[in-house]
Amino acid sequence: MSNETIENTAPVKLTAKDFTSDQEVKWCPGCGDYSILKQVQTVLPDFVTEKEKVVFVSGIGCSSRFPYYMATYGMHSIHGRATAIATGVKIANPGLTVWVVGGDGDLLSIGGNHFIHMLRRNPDLKLMLFNNQIYGLTKGQYSPTSPKGTVAKSTPLGSVDEPFNPAELALGAKASFFARTLDRDPKHMQAMLVRANAHKGSALL
């Protein structure tokens, strides 16, 4: 009989803590971004066995701090270009699971063109659109999804623009997966994250 030790090569089950970075989370008290971060860290161990194969790409804005708080690879890119950069990451290394994080201003204003063409091309990316209908990081200007008539610092008399409906925009761009969820419904959000991950193609939440 051989005296060699047979090592257990089964992958170690990851936990939410494995996806939590050492960075202090700095969002305003009560912000829904805390819940989104928590749900992502909670569900990732269900379908990720190697966190080194996960990448989070963000643009600019409150939500775009997300990669700092994830103990994975990540990139805090430039305003409105996260979808284009994430597409390049996925093309360069198709074995990676690539998530895109951005707000309504980042993805639907300066990044609007990249957003619709990413959905049209349907690369295997998972995109989380944090839609709070305002520019939060720059202290309250109206955004492309703010309701008509919104009184904000940049529109003291009320906005005159018709807002984008992200669902209609996604469907018009032939999105192959679109789901809506809410930061105050963690169980539903977790279910949608799992379904988005399982989808082969661009998945927009």
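The largest pocket has a volume of about 1,100 Å³. Of the 45 residues lining this pocket, Asp104, Leu129, Phe130, Asn131 and Asn132 are the closest to its centre. These values, like those that follow, come from a predicted model. The lining draws at least two residues from each of α1, α4 (104–110), β4, α6 and α7. By residue class, the lining consists of 22 nonpolar, 14 polar and nine charged residues.

The strands were examined next. An open sheet is formed by five strands in the order β2-β1-β3-β4-β5, with parallel pairing.

Trp99 stands opposite Lys126 of β4, while Val101 has Met128 as its bridge partner in β4. Strand β3 (residues 97–103) has six of its seven residues buried and is therefore largely enclosed by the rest of the structure.

Strand β4 is also paired with β5, to which two bridges join it in parallel. Leu127 of this pairing has Leu204 as its bridge partner in β5. Six of the six residues of β4 are buried, so this strand is largely enclosed by the rest of the structure. The side chains of β4 are divided between two directions: Leu125, Leu127 and Leu129 point one way, whereas Lys126, Met128 and Phe130 point the other way, and all are buried. Two of these residues, Leu129 and Phe130, are also among those closest to the centre of the largest pocket. Lys126, which stands opposite Trp99, is a lysine that belongs to the buried set of β4.

With a relative accessible area of 6%, Gln39 is buried. Beyond its neighbours within four places in sequence, Gln39 is in contact with Pro186, Met189, Gln190 and Leu193. Helix α7 spans 186–198, so these four contacts of Gln39 fall under the cut-off for contact, heavy atoms within 4.5 Å. The C-alpha atoms of Gln39 and Ala16 are 9.1 Å apart in space, and the two residues are separated by 23 residues in sequence.Thr150 is placed in the loop between β4 and α6. Its relative accessible area of 16% makes Thr150 buried, the limit for this class being under 20%. The side chain of Thr150 reaches the backbone oxygen of Pro147 at 2.5 Å. Setting aside residues up to four places away in sequence, Thr150 touches Tyr142, Thr155, Gly158 and Ser159.

Arg65 lies in the loop between β1 and α2 (66–69) and is partly exposed, with a relative accessible area of 26%. Lys26, Trp27 and Leu137 are touched by Arg65 when residues up to four places away in sequence are not counted. Between the C-alpha atoms of Arg65 and Lys51, which are 14 residues apart along the chain, the separation is 19 Å.

Positive phi values were found in two further loop residues. Asn122, in the loop between α5 (112–121) and β4, has a phi near 65°, a positive value in a residue other than glycine. Asn122 is partly exposed, at a relative accessible area of 30%. Lys174, in the loop between α6 (166–172) and α7 (186–198), likewise has a positive phi of about 65° although it is not a glycine. With 66% relative accessibility, Lys174 counts as exposed.

Terms used
Residues numbered from 1 in each chain as written. Predicted model: local features only at pLDDT ≥ 70, side-chain atom pairs only at ≥ 80, totals over all residues. Heavy atoms only, no water. Buried < 20%, exposed > 50% of the residue type's maximum accessible area, 1.4 Å probe, protein only. Helix = DSSP H or I, 4+ residues; strand = E, 2+ residues; numbered from the N terminus. Pairing = 2+ DSSP bridges. 1 Å grid on protein atoms, 1.4 Å probe; cavity = no way out; pocket = protein on both sides within 12 Å on 5 of 7 lines; lining within 4 Å. Points joined across faces, edges and corners; volume = space filled by probe spheres on them. Nonpolar A, V, L, I, M, F, W, Y, C, P; charged D, E, K, R; others polar. Polar contact = N/O pair within 3.5 Å; in protein donor to acceptor, adjacent residues only side chain to side chain.
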